[in-house]
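Happy to walk through this one with you.

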Amino acid sequence: MSDCASDTDEGLLNDFFQEPEGYFKPPPEPTSVVFERQPQWVTDGSPANITINLLGSHPLWGHHLWNAAKTFANYLDENKSIVKGKSVLELGAAGALPSLVSACNGATKLVITDYPDHDLIDNIRKNVQVNMASKLEDGSVEVAGFKWGYDIEKIAAMNQKNYDNGSNSSSGSEQVTGFDVLILCDLVFNHSEHTALLKSIDQLMAKPKPGNGNGSSTGGEAYVFFTHHRPWLADKDMDFIERARDELGLEVSKVVEQYTGAMFEDDPGDERVRGTVHGYRLTYPASKS
């Protein structure tokens with residue numbers, strides 16, 4: 001018998017190891033969602049709807065428009081003073097809805113970040129381009145990759161340009177790098193990343209300053225909105241809030257608790273728990289003048 005396989009034998013082998021047609025499912029197609037803002041909170045000249053483009057799939061969950069992001073977007077619309085005239089940084093932005101609503105409500109400088117993955121960052125930039133292209137062009141909105149806890153100086157420098165251009169109330173003589181507002185929507189379920197997120201807050205949120213004879217200045221604030229997607233791990237989600245208070249010395253206040261329905265109907269655990277968004281405001285204690 002010959003040691004060399006015939007052409008016929010090779011053809012049979014190729015057929016044997018070839019997956020049948022349709023064996024591999026095509027990757028999900030990108031989608032888009034139109035977020036309809038509440039009419040009573042939309043000001044003249046501001047868009048009533050915001051289009052959010054989403055990736056078809058992504059291992060870092062950037063292909064969902066999370067309920068926490070939608071809830072915080074509504075909260076921002078109702079409380080415009082949170083971002084009006086302020087510098088804003090969003091961490092783990094995914095579709096970047098809260099950032100876009102911040103821009104609608106008068107944020108002076110907006111830096112939108114997510115993990116430095118080409119697809120994620122390009123999609124965020126696309127969402128800004130679709131909804132408010134002029135803000136990319138004039139530099140009031142920037143998009144950047146950011147791995148939590150690293151490259152702090154790079155992100156801080158984007159805000160420093162805002163002060164150097166006179167867009168905020170810096171005295172000019174002191175270096176200002178902290179952002180007035182930080183946004184974290186549906187990030188705390190990443191329990192292994194709590195330390196890196198807390199480091200990012202500590203180093204990128206504006207510190208309190210003595211008031212100029214007018215009482216006190218509380219510095220920046222962070223808004224942390226999330227859902228207990230795995231109810232049996234709710235205590236681990238809440239570790240983030242407790243560590244922000246105990247390790248960073250932040251003051252914590254709950255500002256929202258709202259049932260929206262669960263993101264994923266078939267997931268295990270109490271649906272009411274999985275369908276409730278919790279929102280917290282983190283601030284530094286006031287520095288007395």
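Contact here means heavy atoms within 4.5 Å. The model is predicted.

Q: Which residues in α6 meet α7?
A: Take the contact from both sides. On the α7 side are Lys 236, Asp 237, Asp 239, Phe 240, Arg 243 and Ala 244. By class, this contact has 5 nonpolar, 2 polar and 4 charged residues. The α6 residues that meet them are His 194, Thr 195, Leu 197, Leu 198 and Ile 201.

Q: Are α6 and α7 roughly parallel or roughly antiparallel to each other?
A: The axes of α6 (residues 194-204) and α7 (residues 234-246) come within 11 Å and cross at roughly 30°. Angles under 35 degrees count as roughly parallel. The two helices, α6 and α7, are therefore roughly parallel.

Q: Is the crossing of α6 and α7 left-handed or right-handed?
A: The angle to keep in mind is roughly 30°. The crossing of α6 and α7 is right-handed.

Q: How many residues of each class does the contact of α2 with α3 have?
A: Helix α2 (residues 67-78) packs against helix α3 (residues 97-104) at about 10°, with axes 8 Å apart. That makes α2 roughly parallel to α3. From α2 come Ala 69, Lys 70, Phe 72, Ala 73, Leu 76 and Asp 77, and they meet Leu 97, Pro 98, Val 101 and Ser 102 in α3. The division is 7 nonpolar, 1 polar and 2 charged.

Q: What percentage of the residues of the protein chain count as buried?
A: The protein chain has 8 helices and 11 strands. Buried means under 20% relative accessible area. Of its 289 residues, the share that counts as buried is 46%.

Conventions
Residues numbered from 1 in each chain as written. Predicted model: local features only at pLDDT ≥ 70, side-chain atom pairs only at ≥ 80, totals over all residues. Heavy atoms only, no water. Axes fitted to C-alpha atoms, helices over the stretch in contact; angles between N-to-C directions. Helix = DSSP H or I, 4+ residues; strand = E, 2+ residues; numbered from the N terminus. Parallel < 35°, antiparallel > 145°, perpendicular 65-115°, else oblique. Left-handed = near helix turned anticlockwise from the far one by under 90°. Nonpolar A, V, L, I, M, F, W, Y, C, P; charged D, E, K, R; others polar. Buried < 20%, exposed > 50% of the residue type's maximum accessible area, 1.4 Å probe, protein only.
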